[in-house]
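These are my notebook entries on what I looked up, kept in the order in which I went through the model.

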Amino acid sequence: MKKARAIVRYALFALLAVLSFFVIRINLLLHTSNQAVVEQKADIICQLSFLENELKTKDLGERMQDLFPEGFVFVNALYGLSWCELAINSNPSDESIKAKALREALFAYQALDSQEAKWTFDKEMDPEYGIFYFGWKNYLLSKILRLDTNFAGHALYIKTFSQQCEHLKKALNKSDSPYLQSYEGQAWPADMFVAMAALNAYNQVFKPGYNNEVRQWLDKVQQRLDPATKMVPHSVNSETGMPIQGSRGSSMSLVLRLLPEIDSVFAQKQFSLFKNRFPTKTLGLPTISEYPKGKKGSGDIDSGPVVFGVGTAATIMMIGVYANYGEAEMSAKQYATINAFGFATQWAGQKSYLFGQLPMADAFISWGRASSFHDKVVDVPNSFGQLVHILSAISLLVCWVFFIPRKPRRRV
């Protein structure tokens with residue numbers, strides 16, 4: 001009997017020790033995310049090295065496709081975009097980072113251009129394979145050409161980009177709705193914002209551009225906002241573009257991430273509305289609700305897990321969103337929160353979250369961090385996470401005091 005009790009006690013001790021380790025680690029990571037510019041860039045590259053290894057040696061695209069309907073496209077697109085954003089936001093004189101970014105972004109684009117990426121989409125749609133596939137592929141190409149328009153084989157990529165933008169223009173002209181379909185009879189506005197960000201990027205790289213088409217599209221969008229929130233809806237009627245489901249955190253965070261690249265004035269208005277409806281705090285830390293204040297709902301493939309109303313995908317996306325709207329401190333706080341609770345592990349020059357078990361999360365985090373990377377790094381204040389610190393200290397104290405044997409506990 002005593003032996004059994006001893007075994008149970010040792011097991012409880014081990015469990016409590018492990019729990020204490022993770023609690024202390026979370027509290028420390030809330031403040032160790034403050035890094036100098038060089039350290040931050042190296043940390044992002046470690047994340048991208050993990051994704052590179054997974055994509056090139058462990059069939060990451062295929063694995064993500066087994067989990068998500070568009071997993072192959074998403075993870076390759078985000079990988080390439082992360083490298084592009086990191087290089088674009090780095091010092092222009094850093095040729096090594098530019099060369100690496102261009103090489104990896106082209107690798108990702110070629111993956112998107114493969115039959116493996118296309119098979120799940122319908123070729124007969126307009127544009128081909130639907131706006132989700134078309135949009136992410138062309139958006140990545142737009143970033144590659146913004147990074148460099150004079151690399152080996154650039155002429156073919158420029159021609160492809162021009163042709164794809166022209167295809168999008170023609171498809172828009174034939175549609176009454178501003179939201180082209182991703183699948184037959186199904187349209188999600190966030191997918192369209194990806195495509196339009198690429199179309200507007202053409203205006204910045206080449207002339208003449210598509211300014212009129214972008215303006216007409218925005219007019220249609222503003223006529224079809226969610227009546228309850230005055231923001232872009234989550235899903236719409238595929239024929240008319242009128243809202244079916246109102247605004248949600250997962251789609252709005254992506255829309256807000258892309259909208260400044262399309263129209264900065266409209267973007268700022270939507271961001272102001274968003275800040276009144278979606279940001280919240282969990283244990284004093286910044287999080288994003290999946291549904292606007294006053295509404296409740298469950299999670300799905302778009303949102304990721306929704307825990308106590310908090311949308312996982314939306315919260316991760318806000319790293320880059322806050323940075324794009326000039327809220328560098330909020331971006332730093334959002335990353336610190338995710339970094340602390342993401343169970344990050346680092347080894348052999350690679351960094352992953354959730355013990356490397358869900359690389360799609362790593363892809364979104366790296367895209368947000370690369371997008372928010374600048375020469376001036378803003379640190380989180382020392383007061384950040386106080387409530388977590390207090391609750392952690394109380395919880396550990398209570399657990400350990402009750403674990404201590406009775407007589408020693410009386411002496412304590």
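For the helix pairs I took axes as lines fitted to C-alpha atoms, for helices over the stretch in contact, with angles running from 0 to 180 degrees between N-to-C directions. Helices (H or I, at least four residues) and strands (E, at least two) are DSSP runs, numbered from the N terminus. I am working on a predicted model, in which local features need pLDDT of at least 70 and side-chain atom pairs count only at pLDDT 80 or more, while totals for chains, interfaces and linings use all residues. Residues are numbered from 1 along each chain as its sequence is written, and side-chain values use heavy atoms, with hydrogens and water left out.

**Entry 1: a helix pair**

I looked up how helix α2 (residues 37–57) meets helix α3 (residues 60–67), and found that their axes come within 6 Å and cross at roughly 90°. Angles under 35 degrees count as roughly parallel, over 145 as roughly antiparallel, 65 to 115 as roughly perpendicular and the rest as oblique; α2 and α3 are therefore roughly perpendicular to each other. With contact meaning heavy atoms within 4.5 Å, the α2 side consists of L51, E54 and L55, and the α3 side of L60, G61 and R63. I sorted these residues into three nonpolar, one polar and two charged, where Ala, Val, Leu, Ile, Met, Phe, Trp, Tyr, Cys and Pro count as nonpolar, Asp, Glu, Lys and Arg as charged, and the others, Gly among them, as polar.

**Entry 2: cysteines**

I searched the whole structure for disulfides, meaning pairs of cysteine sulfur atoms within 2.5 Å, and the search returned zero. C46 is in no disulfide, and the nearest cysteine sulfur, that of C84, is 19 Å away. For accessibility I used relative accessible area, with buried meaning under 20%, exposed over 50% and partly exposed in between (1.4 Å probe, protein chains only). C46 is buried at 13%, whereas C399, at 33%, counts as partly exposed.

**Entry 3: two helix lengths**

I checked helix spans against an expected value of 1.5 Å times one less than the number of residues. Helix α4 (residues 71–89) has 19 residues and should span 27 Å, and its end C-alpha atoms are 27 Å apart, which agrees. Since 18 of the 19 residues of α4 are buried, this helix is largely enclosed by the rest of the structure. Helix α9 (residues 189–205) has 17 residues and should span 24 Å, and the 25 Å between its end C-alpha atoms agrees with that. I noted that 15 of the 17 residues of α9 are buried, so α9 too is largely enclosed by the rest of the structure.

**Entry 4: backbone geometry**

I found a cis peptide bond joining D126 and P127, with omega about 0°; P127 lies in the loop between α6 (115–118) and α7 (130–147). A348 has a positive phi of about 45° although it is not a glycine, and I placed A348 in the loop between β7 (345–347) and β8 (350–352). At a relative accessible area of 72%, A348 is exposed. F355 is not a glycine either, yet has a positive phi of about 60°; F355 sits in the loop between β8 and α15 (359–372) and, at 46% relative accessibility, counts as partly exposed.

**Entry 5: the loop between α8 and α9**

I then looked at two residues in the loop between α8 (154–173) and α9, one of which is G185. G185 is partly exposed at 45%, and its C-alpha is 8.1 Å from that of N237, 52 residues apart in sequence. The other is S175, in the loop between α8 and α9, which is buried with a relative accessible area of 16%. S175 and D126 are 49 residues apart in sequence and 9.8 Å apart in space, C-alpha to C-alpha. Leaving out residues up to four places away in sequence, I recorded that S175 touches L180 and K220.

S235 lies in strand β1 (residues 235–236) and counts as buried at 13% relative accessibility. Beyond four places away in sequence, S235 touches A187, W188, P189, P243, I244 and Q245. F266 belongs to helix α12 (residues 264–277) and is buried, at 5%. With residues up to four places away not counted, F266 touches L218, V221, Q222, L225 and L259. I also noted that F266 and Y322, 56 residues apart in sequence, are 16 Å apart in space, C-alpha to C-alpha.
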